[in-house]
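Have the structure open as you read.

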Amino acid sequence: MVDSRLVAGGTVTWRRRECDACKRRFTTYERVEYTLPQVVKKDGQREPFDRDKVLRSLRIACNKRPVSQDALEEEAETLEQELAESGEREVPSLVIGERVMQRLKRLDEVAYVRFASVYKSFRDIDEFMREMTALVRQKDAD
């Protein structure tokens, strides 16, 4: 091993290595692997938690918004860490969706509205307007 550093808030180790046989150098990234809960979907199906799925949703919601990729990576990593540390074997997808919305509300309100409009499946414009009104009231109270 030539060099080793912690990156991404200490959750990823970057290592610069050298092959003993050919002397070529290469980089490896090591990430802490957590024991994550199963996600219980609305229809009762269970699937493993997928950090990349959360990250994709965050990226879609923040498309063309002034939110850095690093901030999105950090939010996905933090959520994954929280779920791992919770000790729960199963987590409803609704809980994950709510946590993603909380994070988006702090990062960018437009991204929050985009995500919420898909996640909450508003049936009509009135439901959407109620959510927007609640967001504006909360912003005014802060």
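## Helices, a hairpin and a lysine

Let's start with helix H2 (residues 69-86), which packs against H3 at an angle of about 145°, the two axes lying 11 Å apart. Keep in mind that this is a predicted model. The crossing of H2 past H3 is right-handed. On the H2 side, the contact is made by Ala-71, Leu-72, Glu-75, Thr-78, Leu-79, Glu-82 and Leu-83. H3 answers with Ile-96, Arg-99, Val-100, Arg-103, Arg-106 and Leu-107. Sort the residues of this contact by class and you get seven nonpolar, one polar and five charged.

Now follow the chain on to the next pair. Helix H3 covers residues 93-107 and helix H4 residues 109-119, and they pack at an angle of about 160° with their axes 7 Å apart. Because of that angle, H3 counts as roughly antiparallel to H4. H3 passes H4 in a left-handed crossing. From H3, the contact draws on Ser-93, Leu-94, Gly-97, Glu-98, Val-100, Met-101, Leu-104 and Lys-105. H4 brings Glu-109, Ala-111, Tyr-112, Phe-115, Ala-116 and Tyr-119 to the contact.

| Helix pair | Angle | Axis distance | Crossing |
|---|---|---|---|
| H2 and H3 | about 145° | 11 Å | right-handed |
| H3 and H4 | about 160° | 7 Å | left-handed |

Is Lys-120 buried, partly exposed or exposed? With a relative accessible area of 33%, Lys-120 is partly exposed. Setting aside neighbours within four places in sequence, Lys-120 is in contact with Met-101, Tyr-112 and Glu-131. Of these, Met-101 is also one of the H3 residues in the contact with H4, and Tyr-112 is among those that H4 contributes. As for Glu-131, it is eleven residues from Lys-120 in sequence, and the C-alpha to C-alpha distance between them is 9.9 Å.

Finally, back to the strands. Strand E2 (residues 12-18) and strand E3 (residues 25-31) run antiparallel and are joined by seven bridges. Within that pairing, Thr-13 stands opposite Glu-30 of E3. The two strands form a hairpin, with six residues between them. Worth a look in the turn is Lys-23, which has a positive phi of about 70°.

Technical notes. Residues are numbered from 1 along each chain as its sequence is written. This is a predicted model: local features need pLDDT of at least 70, side-chain atom pairs count only at pLDDT 80 or more; totals for chains, interfaces and linings use all residues. Side-chain values use heavy atoms; hydrogens and water are left out. Two strands pair if DSSP finds at least two bridges between them. Helices (H or I, at least four residues) and strands (E, at least two) are DSSP runs, numbered from the N terminus. Axes are lines fitted to C-alpha atoms, for helices over the stretch in contact, and angles run from 0 to 180 degrees between N-to-C directions. Angles under 35 degrees count as roughly parallel, over 145 as roughly antiparallel, 65 to 115 as roughly perpendicular and the rest as oblique. A crossing is left-handed if the near helix is turned anticlockwise from the far one by less than a right angle, and right-handed if clockwise. Contact means heavy atoms within 4.5 Å. Ala, Val, Leu, Ile, Met, Phe, Trp, Tyr, Cys and Pro count as nonpolar, Asp, Glu, Lys and Arg as charged, and the others, Gly among them, as polar. Buried means under 20% relative accessible area, exposed over 50%, partly exposed in between (1.4 Å probe, protein chains only).
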